[in-house]
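Take a moment to look around before reading on.

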Amino acid sequence: MIEAVKSRLIDQLDKIVGSQFVSTNPADLYIYSYDLTFAESHSPDIVVLPQSVEEVQAILKLANQEKIPVIPYIAGGNVGGLTIPLNGGISLDLKRMNNIIEVSEADMYALVEPGVTFGQMKAFLNKNHPTLKYTYAFSPPSTGVIANAIVQGLDNLSFRYGAASHWVTGLEVALATGELVRIGSCAASKTWQAIAPFPELDGLFLGWQGATGVITKMAVSLWPNPPYNTALTYMPMDLEGANEILQSIIRTRIPDDLIGTSFTLNKAGVAAYEHRKMDLYPAVKREGEEPEFVITAELTGNNEKELNAKAEAIGEAVDAKCQSYKFTGPETMPSTTAAFPMQALGVLSSGGGLMWVGTYGPMSRWLETVKKGCELQDKYDITRTCYTRIMNEGHFVGLRWMLPYDKGDPALVERIKDLCAEQLELVLETGYIPYKTPVWAVRKLEEKVSPDWLKLHRRIKAALDPNNIMNPGRWGMPRE
Amino acid sequence: MALKDLQEWLYGCTHCGTCKDVLNIFSPACPAGEKYQLESYFPSGKMLIARGVANGVLNLDDDDTRERIYACTGCLSCEQQCGVYHHQHIFETVQALRSEAVTQGNLNPAYMVMVESLKKDDNVFGKAKAERGDWAKDLKIKDAAKEKTDVVYHAGCMLSFDPELWEIPRSAIKLLEAAGIDAGIMGAEESCCGGRAYEIGYDGEFTKYAEHFIETFNSLGAGKVITSCSDGYSTFKKLYPKMNIEMKFDTLHTAEYLDVLIKDKKLKFTKKVPLKVTYHDPCHLGRHLGESGIYDSPRNVLKSIPGIELVEMERNRENAWCCGAGAGVSQANPDFALWTANERLKEAQSTGATALVTSCPWCVRNFRDAVKKYGENIEIYDIAEIACKAL
Ligand SMILES: Cc1cc2nc3c(=O)[nH]c(=O)nc-3n(C[C@H](O)[C@H](O)[C@H](O)COP(=O)(O)OP(=O)(O)OC[C@H]3O[C@@H](n4cnc5c(N)ncnc54)[C@H](O)[C@@H]3O)c2cc1C
Ligand code: SF4
Ligand code: SF4
């Protein structure tokens, strides 16, 4: 950025948010320039922390006038390099906008600002509305509720309700021009209960990674918090068995959450929870009679009777369908609902790096994709770390291979990059679409889609963001 | 510790932000991050700055970068919350950055005054060494420098030179007397423990003080050193053993010793003190001591005082929010120190307590200053002051 423009901008930004919330300090620029992934770092020119909707609008107006990129940021924990300012500009850190504005007990939604974190939401509901709950990602508690919906997250009620963007019931968005719009019932009334029956304009902002506007308020569904819960686990000896167990549980429609992990990842997670260090390098292999996979179904009930009946029904369904497979289970475990990965983080990321090819795809091709993805991990001598979550009662599925790595080990970084490149080819082949799509995967996807898809995307982006200032270089517009 | 010795940990932090909040409560944990909000002020930011400095991407000659390193109260809350293997090395990394800055000659003016005063007068407040024992001038107490006593009471810099806090050491002495303990003080011969010098990156000064202190106390032949200063206490307990010099004396914090004296029935409280109080755990008496953190003793003392009702704040014991004074912050950045203290006072008030009791003069000073600045309606006491009321 030209120095004269920059100093003019800084003057104006100081006036908007106060100078203590505007930084061009090299340490700040460095920190906002990369994330846990191996995505190439790019420095912002300025970091700004607004506290109000009016301040966000004023910043956008100014940036639009000066044609300066704006990259919304909450915790930068998306594991896709999505907050890295590809073209420099303003990192718009929204963590100071952290009010839980309203919780409607009757309509069961929470209206929140972008800085509200999963941890904050959980603590707030526990304290003030214990009969209601939100759904939690496996991401750290400091990550954003709104950001998670924007990136269409997979959370612990996703088996019932799908991706996080599906339970958004209202939006307020500051457009690139600084205009402010409300979407859903809130556009015409005081309540934020649903997007329907309006045209579903939320799709102009959800899944766009901040490339079409800054969401300044969002209403999200809350759900009753049944007092009884438990987890059932099954451990199949092979992936064929895992597939069959998952399919049979899906058809019961019973769980709140249905996930599966490679046994080796699960073992490392357990070690971390017990404060033991377990190194994933060199690759940890299955030993002796250890299973291949661990499947967990989270169940809730209004009373013990209901909970037991649910567990029994799942047991019967699996027994009926999976007789020809070798597995152990069901074992009953305490529910881990809303346990953030804090203590497992040692294993997930003790070298500062975490990467994955994370995808959504069809259950019909799950087995084939998981198998090949795990074999690719074997090829690179990397521990099998598949993590899968069944979405929307089995209508689609989340699938990723979690790759914690040491950022200080350049050879390992290269190995991880090569593995990810091959896994990306694989998933695109089997119909799995990368989520929280890193820019390198966006460009790959763009090679696959029709020219008219591209045109439509670019038209939408240009209509909403004529000067291409919103998180540029990602969806809708390649980097110049 | 130099930055190069911490290489193993520099890539540990994932910037996951878990340390921003207290585990499972999700209330803020890091005063610096909470006050300034920019990522660079949070613990992860500091770890990333260290990585940047080690890799030559960032320089410590930038005043604003150094300011971020010094905006840290050394409260160790981050180390408590972080689940990744480097977690016990976060503040060590901050200190390594500070000493790197000092080594490079990038000095912070506020600390230069402090270090000059240490060199000249053995204290961090720029006061004359001769005034060190003034707090006890009119007390009949033995001079431990001249005669052997079972116990030496170490007041420390803050309690020696701040007349508004003199009631604390004086109360401690009264309590020791009431329990029939043979105690003395070093008066003007007492010197700084060196803890502050260490925290702000002056490793050489610290070593000098530690050696002097251990040798002096070894030569006195007293079995016990009692101190009301949590900062000093953790310096004796945690830092001195790293000097590899035999320590022929045991150190106890006043709160710990009072608890022992009460249990041994040497100390009895007879007067009622009708107060609803909450207890603030000083970082240096808690997290800084790891598994040996002293959380129960002060609470036991409070519970043994007739009339006292003790209520807990949400963030207590190893999850306590810092008072804001630590690691040189109260000297170099009073704004930040007082803001942090006031956050704690608001939490204390929300319990319905009318008084906050703690066990560290740095906390007491900072809380009282915050009351003056922000006007929260709460009284601040040291544990010895409150206990003395019950004699
Ligand atoms: C260990 C680990 C485990 C994880 N597990 C899961 C999981 O189980 N499920 C899951 O879904 N995710 C998971 N994640 C990914 C991610 O952390 C979450 O999806 C999280 O909600 C992202 O929040 P954030 O605050 O970090 O967002 P950021 O990374 O700060 O932002 C994400 C994107 O949204 C944009 N954005 C943010 N706020 C706004 C706004 N107000 N307006 C417009 N654009 C905006 C940003 O520009 C960026 O493109 C995990 C991450 C980690 C590190
Ligand atoms: S210090 Fe620990 S908890 Fe904090 S961001 Fe780094 S890894 Fe996460
Ligand atoms: S020691 Fe305290 S102030 Fe310093 S970074 Fe850690 S939590 Fe923040």
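## Surface

Accessible areas here come from the Shrake-Rupley method with a 1.4 Å probe. On that basis, chain A of this predicted model has an accessible surface of about 18100 Å². Carbon and sulfur atoms account for 53% of that surface.

How much of chain A is buried? Of its 480 residues, 62% count as buried, where buried means under 20% relative accessible area.

## Overall fold

Chain A is built with 14 helices and 21 strands. Its radius of gyration is 23 Å, close to the 23 Å that the globule rule gives for 480 residues, so chain A is as compact as a globular protein of that length. Taken along the principal axes, the box filled by the C-alpha atoms of chain A is roughly 70 × 55 × 45 Å.

The contacts tell us about sequence separation, too. If you take the contacts in chain A between residues at least 6 apart in sequence, 73% of them join residues at least 24 apart.

## Domains

The domain assignment divides chain A into domain 1 (3-93), domain 2 (100-224) and domain 3 (228-434). Between the centres of domain 1 and domain 3 of chain A, taken over C-alpha atoms, there are 36 Å. These two domains of chain A do touch: six residues of domain 1 are in contact with eleven residues of domain 3.

Note on methods:
Residues numbered from 1 in each chain as written. Chains lettered and ligands numbered in written order. Predicted model: local features only at pLDDT ≥ 70, side-chain atom pairs only at ≥ 80, totals over all residues. Heavy atoms only, no water. Helix = DSSP H or I, 4+ residues; strand = E, 2+ residues; numbered from the N terminus. Rg over C-alpha atoms; globule rule 2.2 N^0.38 Å. Buried < 20%, exposed > 50% of the residue type's maximum accessible area, 1.4 Å probe, protein only. Contact = heavy atoms within 4.5 Å. Domains from an automatic or database assignment.
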